[in-house]
Amino acid sequence: MMKVLVIGSGGREHAIAWKLAQSRLVSEVYVAPGNGGIATEHKCYCVPYTSHQALAHFVEQNQISLTIVGPEQPLANGIVDYFKKKHLPIFGPHQKAAQLETSKIFAKKFMTKYHIPTAKYKIFHEIKTAIVYLKNACYPVVIKVDGLAAGKGVVIANNFIQAKQLITDLQVNGIFSNGAKRLVIESYLEGYEASFICMTDQRTIVPLISAKDHKRAYDHDDGPNTGGMGVIAPNPHCTKHDLQAFITEILNPTLHGLQKANLNYQGFLFFGVMFTKNGPMLLEYNVRMGDPETQAILPLMDSDFLRVIMWCMTNQLRYHHIKWKKATAINVVVSANNYPNKQYAKGMNIDVSLVKHQTFYSGVIVANHQLVANGGRILSITAIAKNKKMAFKNVYTDLKNIQIRNTRYRTDIGC
């Protein structure tokens with residue numbers, strides 16, 4: 001039996017821990033720092049996360065067999081490099097490889113070098129020169145902040161006035177990291193978008209089930225971008241032909257690029273893809289599982305999740321196949337009313353006693369022995385059914401039975 005540590009505190013980490021706890025090979029799942037909702041799961045325990053050093057000490061003292069990194073920030077900070085120097089098994093890319101997410105500029109240059117189709121782009125190292133360029137740009141354009149921005153560093157502008165205002169808003173909201181103000185400005189692509197979470201052992205890369213994320217805050221894809229308001233998996237628009245095109249034109253060249261660039265990569269690799277009339281185009285890489293994509297994809301996995309990860313850790317991925325349920329999963333996020341703005345209500349009691357399907361917690365804490373809201377995205381519900389219509393009905397029936405003041409959710413996830 002193995003003890004496993006998951007790093008992170010959100011709904012993605014809840015789903016990872018929940019899935020790992022189902023393995024007969026796992027005795028205990030520790031989550032650092034976790035949240036009050038995760039701690040209610042069978043075999044799951046939350047522990048503090050103060051530093052790489054403290055976490056490594058916890059792993060050594062408690063004979064943890066494997067650490068799995070959930071969010072991007074620890075990867076950007078080099079936790080995998082630190083653990084591997086101490087010979088502690090950990091699943092995730094090294095800090096250098098994590099630049100595929102931590103720097104849009106690094107990612108774009110990687111795509112260009114290894115002939116991975118993506119939107120035309122220009123790089124700017126200061127805002128003033130970007131604004132000069134935008135005066136005569138062909139609209140709409142996509143503006144991306146170079147560093148990590150918690151899913152909120154990408155905006156679409158339809159004209160110059162809007163572009164200038166959006167950049168100002170990014171500055172006001174503190175999206176630019178570490179004082180840097182580097183931007184990538186891209187051509188706007190039309191088509192349908194798909195999310196692909198993949199797993200790689202450095203020699204082989206395998207896509208999990210496709211998903212469709214709903215980033216905008218409000219129904220009909222209106223409002224500002226968020227960290228994600230819901231997901232349907234598999235992506236109902238993604239055909240076998242499109243999947244094969246993604247594998248041939250984007251996935252395989254990415255693996256080739258990782259190998260050629262000597263980027264040490266065992267872990268999850270997320271691809272945001274736009275399927276256009278000219279074929280698939282890569283929008284972005286993330287070097288971890290998506291949130292809330294994970295909350296829809298893992299409930300559909302029929303294989304033992306720990307075994308799949310161990311195939312990657314031992315370079316055995318090519319010899320195995322991941323099994324999937326023949327079903328549809330829809331995940332819907334419940335957020336604070338004012339999310340994604342930073343000022344929103346907290347402390348509301350959470351009552352999910354009438355919910356019949358899986359609840360994954362994100363922004364929650366325990367106060368007076370009661371789960372209360374403590375974040376922008378509070379929780380999400382995932383319902384699985386044999387088709388999209390039934391999954392949609394089931395998840396929204398559950399959502400109507402949730403009682404949390406000052407919250408909202410989109411009513412069109414999966415439509």
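Entry one: I began with a side-chain pair, Arg 288 and Glu 101, which are joined by a polar contact of 2.6 Å. I keep in mind that this is a predicted model.

Arg 288 also makes a side-chain polar contact with Glu 72, at 3.3 Å. I then asked where Arg 288 is found. I traced it to the loop between β17 (279-286) and α10 (293-297). Buried or exposed, I wondered about Arg 288? Its relative accessible area is 11%, so I noted it as buried. Beyond its neighbours within four places in sequence, I listed its contacts, among them Arg 12, Leu 75, Phe 268 and Phe 270.

My search of the whole structure gave 16 aromatic pairs. I looked up Tyr 30 and Phe 58: with centres 5.3 Å apart and planes at 75 degrees, the pair is edge-to-face. Because Tyr 30 sits in strand β2 (residues 26-33) and Phe 58 in helix α2 (residues 52-61), the pair ties together parts 28 residues apart in sequence. Tyr 30 counts as buried, at 12% relative accessibility.

Tyr 396 belongs to helix α12 (residues 388-400) and Tyr 409 to the segment after β23 (407-408), 13 residues apart. I found Tyr 396 buried at 8% relative accessible area, while Tyr 409 is partly exposed at 26%.

Last entry: I wrote down a cluster linked by ring pairs, made of Phe 110, Tyr 114, Tyr 192, Phe 196, Phe 246, Phe 271, Phe 275 and Tyr 285.

Technical notes
Residues numbered from 1 in each chain as written. Predicted model: local features only at pLDDT ≥ 70, side-chain atom pairs only at ≥ 80, totals over all residues. Heavy atoms only, no water. Phe/Tyr/Trp six-rings, centres within 6.5 Å; stacked < 30°, edge-to-face > 60°. Helix = DSSP H or I, 4+ residues; strand = E, 2+ residues; numbered from the N terminus. Buried < 20%, exposed > 50% of the residue type's maximum accessible area, 1.4 Å probe, protein only. Polar contact = N/O pair within 3.5 Å; in protein donor to acceptor, adjacent residues only side chain to side chain. Contact = heavy atoms within 4.5 Å.
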